[in-house]
Amino acid sequence: MVSSSSSSVIYEVSPLYAELASRSPSSTIAESFICTFIVCVGTVGNVAVLLVLYKNRRLRNIPAYFVISLAISDIIMLNLCAPFSMGVLIVGEWIFGYIICQIQGFLVLWVACASLGTLALVAINRYFHVVKTSLYRSTFTQTKAKLMVLGGWLAALIIPLTYTAAGKDYIFHPGKFFCFFESKFSWLVLPFHILIGTSMVVLIACYVCVFKALKFHERTVANNLRNGNTGQVTLSLTDIKVTKILFTTVVGFIICWTPVFVLDIVDNFLGTGWHLPRETYYMYTIFGITSSAINPIVYGVMNPSYRRAYMRLFRLRRLGRVGDLAEMNAHLRSRTKTGETNLR
């Protein structure tokens with residue numbers, strides 16, 4: 001580990017520096033463009049999500065608080081962390097100094113922990129709504145949901161604060177082109193991996209139970225309809241749709257963060273004397289950034305309400321109004337078939 005002065009970034013001695021600095025012009029342009037494109041798409045999408053929820057009161061249900069939390073974490077990642085990495089890709093080295101490196105490393109770790117915590121809360125929310133229906137309304141009120149989100153963000157601070165308080169510096173990694181904790185195992189980075197592992201277990205366990213309950217619900221609905229009974233349905237089509245949308249969000253996050261998790265474990269246990277090809281580390285960071293850009297796309301593709309709201313937001317008013325009318329008709333049909341239960 002090397003530091004040329006108190007104002008210089010701390011970095012690890014690695015041949016990846018030469019590879020980063022000696023890229024061909026075409027590689028530099030391609031890598032910079034891909035990163036910049038993802039950041040721009042993600043920023044527009046997540047800001048649009050917040051504006052849609054601000055302007056549409058009927059979309060502000062309990063799951064919306066978790067959607068807002070994820071959008072905020074994505075905006076922080078894309079606009080306060082990623083721009084410095086974009087600069088590195090353009091110029092081929094870290095030029096922002098020691099303080100910015102420490103700020104970036106702290107924010108990346110904090111936001112990653114907050115996103116993991118929020119997704120775990122999403123899974124728990126769906127578990128209570130679908131599996132423990134009788135406890136849902138008392139467990140997830142609007143006030144409690146806000147406190148859960150706030151508590152998740154405050155709890156996420158523990159890991160980066162502990163790392164910083166122990167006197168550790170965030171290190172610039174030339175392959176990943178951003179500042180993060182040092183690439184060797186220590187008890188200070190172990191809590192981050194425990195958090196990832198615990199969150200994955202919670203996500204998988206909750207959604208396995210949720211989809212078992214949904215299968216049972218579908219069989220119950222089919223039996224009731226065959227018997228001419230439509231009054232015993234506890235979940236609406238809207239509830240099921242929201243559950244599937246949030247599950248897709250979780251799947252996208254897992255797909256993007258599994259390579260990140262695996263590479264971090266490999267790096268931490270093998271130490272600084274070993275490294276993968278720079279292209280592998282580049283994809284590591286691209287996967288991480290992509291996870292901050294996909295949620296608005298998922299909402300727009302799978303949720304007609306968000307899709308119509310996006311259209312109105314971007315001034316596609318006629319399409320938005322036509323879509324609202326079609327959605328209202330579909331909503332009334334679903335109420336007739338299943339008996340609507342408001343999602344709260």
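This is a predicted model: local features need pLDDT of at least 70, side-chain atom pairs count only at pLDDT 80 or more; totals for chains, interfaces and linings use all residues.
User: Is the link of C101 and C179 left-handed or right-handed?

Analyst: A search of the whole structure finds one disulfide, and this pair links distant parts of the chain, 78 residues apart. C101 lies in helix 4 and C179 in strand 2 (residues 178–180); helices (H or I, at least four residues) and strands (E, at least two) are DSSP runs, numbered from the N terminus. The angle about the S-S bond is -115°, which makes the link of C101 and C179 left-handed.

User: Is C179 buried or exposed?

Analyst: The cut-offs first: buried means under 20% relative accessible area, exposed over 50%, and partly exposed in between (1.4 Å probe, protein chains only). For C179 the relative accessible area is 0%, so C179 is buried.

User: How far is the sulfur of C206 from the closest cysteine sulfur?

Analyst: C206 is itself a buried residue, at 10% relative accessibility. The closest cysteine sulfur belongs to C209, but that is too far for a bond, because the distance is 6.9 Å.

User: How far apart are the end C-alpha atoms of residues 65–89?

Analyst: An unreviewed UniProt entry annotates several stretches as "transmembrane region", including 65–89 and 281–302; such positions are given in the numbering used here, feature names are shortened, and annotations may be inferred rather than shown by experiment. Residues 281–302 are 82% helix and 0% strand, with end C-alpha atoms 32 Å apart. The span 65–89 is 100% helix and 0% strand, and its end C-alpha atoms are separated by 35 Å.

User: Which helices do the buried residues of helix 6 pack against?

Analyst: A145, V149, W153 and A156 are buried in helix 6. They cover an arc (of the directions from the helix axis to the C-beta atoms) of only 75°, which means that they sit on the same side of helix 6. T143, L147 and L154 are exposed on the other side. The helices that the buried residues of helix 6 pack against are helix 3 (62–91), helix 4 (97–130) and helix 7 (158–165).

User: What separates the C-alpha atoms of V88 and L20?

Analyst: V88 is found in helix 3, where it counts as buried at 0% relative accessibility. Leaving aside neighbours within four places in sequence, V88 is in contact with L20, R23, E93, W94, F96, F172 and F177. Although V88 and L20 are 68 residues apart along the chain, their C-alpha atoms are separated by 8.9 Å.

User: Which side chain does a polar contact of 2.5 Å join to that of R278?

Analyst: R278 has its place in helix 10 (residues 278–290) and is buried at 4% relative accessibility. Its contacts, leaving aside neighbours within four places in sequence, are L16, E19, L20, R23, E31 and G175. A polar contact is a pair of N or O atoms within 3.5 Å; within protein, one must be able to donate a hydrogen and the other to accept it, and residues adjacent in sequence count only if both atoms are side-chain atoms. At 2.5 Å, the side chain joined to that of R278 belongs to E31.

User: And which residue's backbone nitrogen does the side chain of H173 reach?

Analyst: H173 is found in strand 1 (residues 171–173) and is buried, with a relative accessible area of 9%. At 3.0 Å, its side chain reaches the backbone nitrogen of G175.

Note on methods: Residues are numbered from 1 along each chain as its sequence is written. Side-chain values use heavy atoms; hydrogens and water are left out. Contact means heavy atoms within 4.5 Å. A disulfide is a pair of cysteine sulfur atoms within 2.5 Å.
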